[in-house]
Amino acid sequence: MAGNRCVACGYAKLPQATAAAQVYQMLTVAVLVDKSSDVVEQASVSLVTPVAREFVEGLLVGSNLVTGQEHFSRSSA
């Protein structure tokens, strides 16, 4: 991507007994990152239910991929 932003993607195999696995087989997470600040500007997650999708995307947007890992460990507690 041109300029000071880039896209990062990750993939994971879903548990077979879940609705998302029946639809997608894989969980995909894509984020648009500002390279100067390492902050996620946009996020997209391939989860079936809107609540789950919005929750995960909300955790990602605004987080710092370099210094913000503690944010995710506290969110899961």
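The structure is a predicted model, in which local features need pLDDT of at least 70, side-chain atom pairs count only at pLDDT 80 or more, and totals for chains, interfaces and linings use all residues. Residues are numbered from 1 along each chain as its sequence is written, and side-chain values use heavy atoms, with hydrogens and water left out.

The partners in the salt bridge are Glu41 and Arg5, whose closest N and O atoms are 3.2 Å apart. Glu41 lies in strand 3 (residues 39–45) and Arg5 in strand 1 (residues 5–13), so the pair ties together parts that are 36 residues apart in sequence. Glu41 is partly exposed, with a relative accessible area of 32%, and Arg5, at 35%, is also partly exposed. Here buried means under 20% relative accessible area, exposed over 50%, and partly exposed in between (1.4 Å probe, protein chains only).

Turning to the chain as a whole, three helices and three strands are present, in the order β-α-β-β-α-α from the N terminus. Helices (H or I, at least four residues) and strands (E, at least two) are DSSP runs, numbered from the N terminus. Of the 77 residues in the protein chain, 22% are buried.

As for helix 1 (residues 19–23), Val23 is found there, and this residue counts as exposed because its relative accessibility is 52%.

Note on methods
Salt bridge = Lys/Arg side-chain N within 4 Å of Asp/Glu carboxyl O.
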